[in-house]
Amino acid sequence: MESVLDIQYVGEWLFAGKFGHLLSIVSMVSALLAAVAFYCAAKHENSNLSESNSWNLLARRGFVVHAASVAGIILVLFFLILNHRFEYKYVWQHSSRSLPVYYMVSCFWEGQEGSFLLWQFWTAVLGLILMRTARSWENRVMTTLSMLQVFLAAMLLGIYILSYKTGSSPFILMREDMPGTPIFMRANYLDFLTDGRGLNPLLQNYWMVIHPPTLFLGFALTVVPFAYVLAALWKRNFDNWVKPVLVWSLFAGGVLGVGILMGGAWAYEALSFGGFWAWDPVENASFVPWLVLVGGIHTLLAYKHTGHALRATAALLLLSFMLVLYSTFLTRSGILGDTSVHSFTDLGMSGQLLAFMLFFLFLSVALLVYGWKSMPAPEKEEATDSREFWMFVGSLVLLLLAGLITLDTSWPVVNKVFGTKITITEPIPHYNRYAVWFAIVVATLSAIIQYLRYKKTGNTGLVKKIFIPTIVALVLTLAIGFAMQITHFAYGLLLFAALYGIAANTNYLLAVLSGKIRVAGGSVAHMGFTLLLLGALLSAGKQEVISINTAGIDYGKAFDEKNKLENILLYKDQPVQMGPYWVTYIGDSVVPPNTLYKVRYEKKKEKDDKPEEIFTLYPNAQINPNMGLLANPDTKHYLTKDIFTHVSSVTDKSKDDEGSEQLKEMELAPGDTAITSGTFIILKKINPNPSSIDYVPAAGDIAAGAQLEIIDMKNRHFTAEPIYYIRNSAEFGSDAEVTELNMTIKFEKIFPDKGKIKLAVIEREKPADFIIMKAIIFPYINLLWLGCFIMAIGFFISMAHRYGQGSSEKRVSNRKLPADGGSMQPVTALRHKDE
């Protein structure tokens with residue numbers, strides 16, 4: 001009877017998955033129908049308006065069905081996740097019963113299928129908006145957008161077409177994914193699927209709830225200017241084109257930029273590498289399209305005001321979206337392998353992803369060639385002292401930086417294609433080495449360009465306009481450089497360029513624009529960008545590690561030489577001086593799935609022992625059986641600095657049963673110190689003539705004794721001398737016992753080439769409670785976060801201004817002629833100085 005009930009119960013839930021899969025198919029078919037119908041509507045716009053309207057109506061209905069299908073897929077998948085239906089592979093892989101509701105939401109887009117669905121959702125929303133706002137551009141723009149939806153929908157099909165598996169369905173059952181597995185042949189197999197694998201521990205953070213939706217909205221938005229460029233090339237007409245493209249490009253740049261900055265904040269807050277940008281390939285994959293898009297926005301402004309750089313604008317906006325597709329290929333094909341902690345595993349869709357990218361690449365190139373000659377271009381070249389010329393130069397600089405980053409990110413692709421083995425072992429210094437020079441150029445251009453005029457040459461008043469910002473920047477550079485001891489030449493130039501950008505843009509906002517924020521979006525964004533650079537320079541370039549291992553303790557092979565030096569050992573309730581602070585590990589508490597380690601900081605006054613400041617940090621970590629120690633930092637925030645703290649090693653309390661033996665092997669040279677669970681062991685010297693109760697020297701022996709000093713948690717000192725000897729070509733040892741510590745020390749080997757010996761230490765007591773911790777001071781990092789915020793605000797101010805400006809122009813163009821048939825009075829549009 002129970003088996004029958006189980007089968008019936010499974011069948012009820014199977015309906016939800018089948019319905020979701022059906023909606024996936026409807027989603028793709030309706031998107032394809034919409035794409036074809038929008039294409040036919042565009043094709044008949046000039047020849048048969050009635051037929052064009054009929055096709056447009058069909059296309060709109062098809063796209064609405066598509067959008068409704070996408071919404072339905074999302075609801076079904078959320079329904080299965082929230083109800084813990086672990087018979088579905090996607091639910092089992094990414095969720096578990098122990099996750100809070102907000103992390104259950106994050107489960108939706110953790111996997112490839114869910115993130116594709118998130119991208120598809122945002123694109124569907126944008127399509128519904130464009131159908132109401134694109135007007136004469138609707139058919140052509142929506143053709144491109146609908147084709148994007150066809151490819152995204154295909155990623156979720158999970159069906160075979162001509163013996164090729166197309167996509168991966170989030171509604172596949174575990175028993176379908178692993179046919180023949182004995183457990184799934186049982187009628188009550190659900191009794192064995194009581195819980196899921198859960199959300200990746202690295203992603204269990206509130207940023208996982210808000211960062212992916214923002215970033216994927218940014219990705220989705222890049223298709224809108226892309227689609228407008230293709231529409232204009234197809235139409236061979238760029239009339240009334242600038243306003244919508246500029247507004248959508250600014251919106252895309254703002255949202256994608258915010259998404260990238262959220263990722264930096266997440267990395268700083270939740271990862272233990274000690275920074276906000278690691279030049280990870282997946283980070284680069286979102287950063288590069290943004291760089292190119294920003295370049296396209298600037299050349300588009302130049303075209304709007306002068307007619308120059310239309311071809312460059314078209315190429316940059318097309319390339320921005322193509323780089324989004326390329327990043328999708330990189331991160332989802334599995335080609336990045338172990339070079340990124342963020343990349344997805346390969347689901348067998350590499351060929352499909354490649355086809356996705358190549359389709360839009362060929363379409364872009366074909367239409368660019370088709371419409372190239374139709375793009376208007378002034379016969380006269382830009383003057384070298386005009387604003388548009390230097391905006392074009394700045395865009396080229398951004399393009400070149402994007403190209404270099406793309407090349408370095410693509411080495412795994414090059415290695416796979418050509419069989420090479422090129423790797424970047426230290427990405428942060430590698431990328432910083434050339435990125436700093438690009439930052440200097442861009443920051444300097446952002447300070448000067450806006451003081452130039454469009455079209456006109458002979459800017460005789462330029463020196464006078466920028467004199468005060470230049471002097472202010474120079475004085476501040478000297479003062480800050482001296483105070484912060486910035487001696488590196490490139491960093492000194494970057495300091496000046498960042499301060500110059502801040503001073504010049506502030507002056508432009510106040511003196512030239514008279515403080516009119518509404519028209520100052522560009523100045524505000526540039527001010528935020530240069531403030532961001534200043535914060536990055538001071539915080540990353542002048543960061544100070546205060547957790548110096550002054551005792552010279554060897555933490556073992558898990559720590560390289562740099563990390564051995566920069567991590568400090570803390571035993572429970574034993575205060576240790578660390579820089580200007582005394583730090584004490586108080587204990588831990590478990591907040592599943594993490595353990596919080598309570599660390600008290602005390603800063604004492606110089607003349608007495610009274611604490612000047614006391615605060616407690618709670619860095620946390622979990623020991624994952626598959627991923628090892630996963631540590632999350634905790635930070636003390638000040639106005640002028642952050643104290644960033646994370647654990648690097650902790651007592652594994654799953655192995656701390658009373659009376660259990662703990663074995664630790666170590667290699668030491670004379671003078672080295674090793675740490676065990678409760679002691680320091682110092683190798684004082686090697687004794688070439690050892691003797692003990694257990695070892696009596698014999699003729700022909702080759703023997704050595706390791707003279708050791710051992711210090712325990714109570715600061716008690718002990719000595720021991722294990723012996724290693726060779727007699728008659730056989731190796732022997734005489735162990736040393738430290739009875740007070742229940743410790744046995746074995747002298748196992750000598751490495752003459754390394755000047756080291758190998759010891760094995762066996763402890764029979766419960767290991768001491770300790771943490772190994774790293775602490776870093778990031779000075780003035782709040783300047784970076786403030787710059788991020790101001791830059792984002794600048795994008796959205798610009799977008800709002802351009803949208804309002806377009807609406808005003810539309811109202812002017814819609815004015816009717818006077819009733820007496822006379823000519824309409826000329827209307828002069830007032831232009832602000834930042835245009």
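Residues count as exposed when their relative accessible area is over 50%, as buried under 20%, and as partly exposed in between. With that in hand, here are some close-ups of this predicted model.

**View 1. Lys562 and Glu566 pair in a salt bridge.** The N to O distance is 3.1 Å. Lys562 has a relative accessibility of 51%, so this residue counts as exposed.

**View 2. Asp177 meets Lys89 in a salt bridge.** Their closest N and O atoms are 3.2 Å apart. Asp177 belongs to helix α7 and Lys89 to helix α3, so the pair ties together parts 88 residues apart in sequence. Asp177 is partly exposed at 31% relative accessibility, and Lys89 is partly exposed at 21%.

**View 3. A salt bridge joins Lys749 and Glu731.** Here the N to O distance is 3.9 Å. Lys749 sits in strand β22 and Glu731 in strand β20, so the pair ties together parts 18 residues apart in sequence. Lys749 is partly exposed, with a relative accessible area of 35%; Glu731 is partly exposed as well, at 48%.

**View 4. Ser30 is a buried residue of helix α1.** Its relative accessibility is 5%. The Ser30 side chain reaches the backbone oxygen of Ser27 at 3.1 Å, and a polar atom of that side chain lies 3.4 Å from the backbone nitrogen of His66. Beyond its neighbours within four places in sequence, Ser30 is in contact with Gly62, Val65 and His66.

Key
Residues are numbered from 1 along each chain as its sequence is written. This is a predicted model: local features need pLDDT of at least 70, side-chain atom pairs count only at pLDDT 80 or more; totals for chains, interfaces and linings use all residues. Side-chain values use heavy atoms; hydrogens and water are left out. Helices (H or I, at least four residues) and strands (E, at least two) are DSSP runs, numbered from the N terminus. Buried means under 20% relative accessible area, exposed over 50%, partly exposed in between (1.4 Å probe, protein chains only). A polar contact is a pair of N or O atoms within 3.5 Å; within protein, one must be able to donate a hydrogen and the other to accept it, and residues adjacent in sequence count only if both atoms are side-chain atoms. Contact means heavy atoms within 4.5 Å. A salt bridge is a side-chain nitrogen of Lys or Arg within 4 Å of a carboxyl oxygen of Asp or Glu.
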